[in-house]
Structure formats: structure tokens, C-alpha cells
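Please examine the structure shown here before reading on.

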Amino acid sequence: MTVYRTLLSLAIPVAVLIAAAAWVPRATEFPAALAGLGHYAVWIVLALAGVVSLAFQRGRAVLALLSLAIAYAAYAHYLQPGVPEDIVFAIFGAMCLFVPLNLAALSLLQERGLFNRHGFGRLAVIAFQVLLAAWAALPGNRAAREGLYTEIVGAAAATPVPQLGIAAIALSVIVACAAWYRTRSSIDLAFAGAAIAFGAAAHGVTTPGMFAIFVAAGVLILAIGVLQDTFRMAFRDELTGLPSRRAWNERLAGLGRHYSIAMLDVDHFKNLNDTHGHDIGDQVLKLVASRIARISGGGTAYRFGGEEFALVFPGISAADATAHLDALREEIAGYKMEIRRADRPGGDKPGKQRRAGRNAHRTLSVTVSIGVAQRGGRHDTPDAVVQAADKALYRAKDNGRNRVSR
Ligand code: GH3
Ligand code: MG
Ligand code: MG
């Protein structure tokens with residue numbers, strides 16, 4: 001399932017990059033009168049992506065787009081025939097370094113919006129880069145220009161991209177992919193995709209249309225990343241990664257004629273929170289949720305709220321669902337969870353003891369109670385089935401917990 005989701009996430013940026021590569025040879029087929037349209041197309045795509053990112057308050061995406069927009073504007077103005085060579089080299093060298101480094105940095109930074117001191121600070125960094133590039137383009141600053149083209153290895157160049165730029169692009173792809181692996185946020189993957197797209201744009205800076213097409217591809221990848229992330233925020237629960245209550249409501253509205261529904265509640269969870277703290281409670285919820293997500297019998301799990309989960313089994317009876325739910329219940333009850341002990345900052349214990357405490361793990365176990373009901377008889381709407389499952393859950397609690405009731 002996760003492998004499937006990983007491949008699906010990768011498919012979008014890869015498809016955009018392939019489409020861009022296929023488009024490049026055709027870029028010159030347009031009549032001259034239409035060629036200028038491509039230039040406007042890049043700005044239109046940039047504007048749309050910018051509006052979407054601003055509307056969803058994805059500050060990191062806005063800054064990545066700004067960085068690409070500046071690079072594209074610089075390309076359109078300065079990387080053109082007739083511009084003095086010094087200026088061309090300074091601008092190109094600077095963008096090959098700064099754009100990927102910005103993408104790498106943004107993938108590591110936390111989302112903090114744009115219109116606050118964090119956002120302004122990040123904007124200031126990009127403004128400073130523009131000044132540095134302009135400074136390197138001044139006739140007297142030959143050393144700065146040569147610095148941008150420092151050779152790390154002595155290999156023959158098969159690309160106009162300076163070696164520092166290649167290193168920065170490779171770094172940003174690795175860093176952004178690592179960030180994506182950690183956060184599973186589509187925007188982090190989009191940063192990696194945008195870095196590859198920018199690398200291709202820079203590599204093709206002398207090929208007609210190639211820079212514009214690949215910058216547009218990078219912008220598109222970022223915009224899709226923003227939309228995917230927003231979708232995820234709306235329909236996925238942040239703590240457990242399970243589909244959320246909103247997704248549950250939509251699923252109920254779309255159910256067919258044969259299904260069973262189960263409501264699951266962690267037993268004595270308030271006790272666990274009170275004894276071990278809310279942070280550990282959260283860790284336990286995450287681990288329990290990861291087991292619930294792997295329910296068999298074709299069931300799908302949702303986080304209903306708090307320590308309550310809901311499951312739907314299309315096409316099977318409550319009796320059949322019970323077998324799968326009982327296996328799940330047993331698995332959870334026998335699951336010894338390794339829990340990180342919460343760090344206690346500012347504790348007055350000696351450092352050695354504190355360090356030992358930080359590395360110490362403890363194991364915890366919890367049980368769950370489950371109520372299940374099927375559609376049919378008096379229970380002919382999803383709401384009625386949910387209520388019946390809820391009643392069954394109360395019976396499971398009353399009968400001593402750690403059990404499945406119908
Ligand atoms: P029972 O066996 O009857 O279900 O007992 P219980 O303590 O689990 O029941 P109750 O519904 O009274 O308490 C649920 C507790 O779950 C309350 C709250 O402290 C805790 N809780 C709810 N949501 C979260 C969460 O997101 N994180 C953590 N750590 N605790 C949560
Ligand atoms: Mg509860
Ligand atoms: Mg409970």
C-alpha cells in the first residue's frame with residue numbers, strides 16, 4: 001500500500017518532466033508569430049501557481065516559485081544574444097547555484113507562512129541573492145564570476161552548467177527527497193522535482209525553448225504539490241496519517257447496498273494519558289493506528305476523532321467482518337509498543353542520568369474494544385448502521401473491554 005502510494009506520488013513529477021522533455025524538440029515548430037506565446041505561457045503558469053500557493057498560504061512554495069520567476073526573468077533579459085559575456089556568465093552561474101540551494105533550504109525549513117518575520121527573513125535572503133548576482137556581473141568583479149565557475153573535478157564539461165551548480169542541484173534533489181521521505185508531504189517531493197526541472201532548464205539554456213519549458217515544468221510540479229498537500233490536509237488526519245472524519249463522511253455517502261461498519265475505541269486511554277503524558281499518548285495512537293490501517297477483509301480505517309476509529313467493510317456481513325476485527329484486536333493487545341521517553345527539558349538531574357533517560361525506551365500495551373454492525377433490516381442508512389455499531393461498542397465496553405461485539 002505504501003509502495004503503491006509512493007509510486008503514485010512519484011508518477012506526477014516524473015510525468016511532467018517527461019512531457020517537458022518531449023515538448024522541447026517541438027518548441028521550434030511553431031510559427032515565429034506564435035513563439036512569443038511560450039514566453040507568456042511561462043508567466044501565466046507562474047502567476048496561477050503563485051495565486052494557488054498564496055491562497056493556500058504555502059509560504060515555502062511561494063518562495064520557490066519566486067526564485068524560479070527571478071531566474072526566468074533574468075534568463076529572458078540577460079541570457080540573450082547581444083548581452084555582454086561577463087553579465088551572461090555572472091547571471092547564469094549565480095542562478096545555477098542559488099535556485100537549487102533555495103529549493104534545498106525550503107525543503108528543510110518548516111512551513112511558517114509568508115506574511116510574518118520568518119517569511120520576510122526568507123524573502124530578504126532571496127533579495128540578497130539577486131544583489132550578489134548583480135554585483136558579480138559588475139565589470140570589476142571578475143574574481144567573483146570565476147568563483148561561480150570553480151572546478152571541483154577536472155572532467156570535461158558536457159553541459160554549460162558550472163560544476164558548483166551541478167553539485168547544488170544534486171544536493172537539493174537529495175535533501176528534498178530525504179525531507180519527503182520524512183514528512184511524506186507532496187510539496188517536499190515537488191521541491192526535488194523542481195530542482196531536476198531547473199537542472200534540465202539550465203542544461204538546455206542554449207537550446208531554443210528548453211529553458212522556458214523546463215522552468216514551466218518546475219512551476220507546474222510545485223503547483224500540483226501544493227494542491228496535493230492541501231487535499232491531504234483536508235482528508236488525512238495529521239497525527240495518524242489515516243483518512244479523516246471528513247473522508248469518512250464522504251465515504252458513508254457513497255456506500256452501496258452491502259457493507260459492515262465497525263467503531264473502535266482504545267480502552268482506558270485517559271488513564272494512559274494521565275499516567276504517561278499526552279505526548280506518549282500520541283505515540284501510542286500513531287502505532288495503534290498503523291495496525292488498524294492494515295485491517296484485512298477489504299476494510300478501510302478512518303480516524304473518527306480522539307482515540308476512536310471507524311472502519312468500513314464493503315460487501316461483507318458483520319459476522320465476516322468480526323473475524324477480521326477480532327484478529328486485529330488480538331494483534332493490538334499483544335503488541336508491545338516501544339515508546340520514546342519524553343525529553344524533560346531543564347530537568348535538574350545530572351547530565352549523565354538525563355542522557356540515559358533520553359535513550360531509554362519503555363514498552364506499553366493497550367487494548368481496544370470494537371462494535372460492528374451491517375446494513376439491513378432496520379439499519380438501512382449509513383447513519384443507522386454507524387449508530388448500531390456504536391451501540392455494539394458500548395456493549396463491548398460493558399462486557400469487560402478488549403473484545404468485539406455485534
Ligand atoms: P474507555 O475504555 O471507556 O474508552 O476509557 P477511555 O479513557 O478511553 O475513554 P474516554 O473517552 O473517557 O477518554 C478518551 C481520552 O482520550 C480523553 C483524552 O485524554 C484522550 N485523547 C483523545 N484524543 C487524543 C489525542 O489525539 N491524543 C492523546 N494523547 N489523547 C487523546
Ligand atoms: Mg472514546
Ligand atoms: Mg476510549
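**Ligand site**

The model is predicted. Ligand 1 is surrounded by 16 residues, the closest being His268, Asn273, Asp282, Lys397 and Arg401.

| Residue | Part of residue | Distance to an oxygen atom of ligand 1 |
|---|---|---|
| Val266 | backbone N or O atom | 3.1 Å |
| Arg303 | side-chain N or O atom | 2.8 Å |
| Arg401 | side-chain N or O atom | 2.7 Å |

On its own, ligand 1 has 650 Å² of accessible area, of which the protein covers 69%. Strand 1 (259-266), helix 11 (269-276) and helix 12 (278-293) are the elements that each give two or more residues to the shell. Helix 12 makes the largest contribution, with four residues.

**Helix 7**

Helix 7 spans residues 163-183 and contains 21 residues. From its first C-alpha to its last it reaches 30 Å, close to the 30 Å expected at 1.5 Å a residue. Its buried residues are Gln163, Gly165, Ala168, Ile169, Ser172, Val173, Val175, Ala176, Ala179 and Trp180. In an α-helix there are 3.6 residues a turn, so residues three or four places apart point the same way. The buried residues of helix 7 pack against helix 1 (2-23), helix 4 (85-108) and helix 8 (186-203).

Notes
Residues numbered from 1 in each chain as written. Chains lettered and ligands numbered in written order. Predicted model: local features only at pLDDT ≥ 70, side-chain atom pairs only at ≥ 80, totals over all residues. Heavy atoms only, no water. Near = heavy atom within 4 Å. Polar contact = N/O pair within 3.5 Å; in protein donor to acceptor, adjacent residues only side chain to side chain. Areas by Shrake-Rupley, 256 points an atom, 1.4 Å probe, with all protein chains shown as cover. Expected span 1.5 Å × (residues − 1). Buried < 20%, exposed > 50% of the residue type's maximum accessible area, 1.4 Å probe, protein only. Contact = heavy atoms within 4.5 Å.
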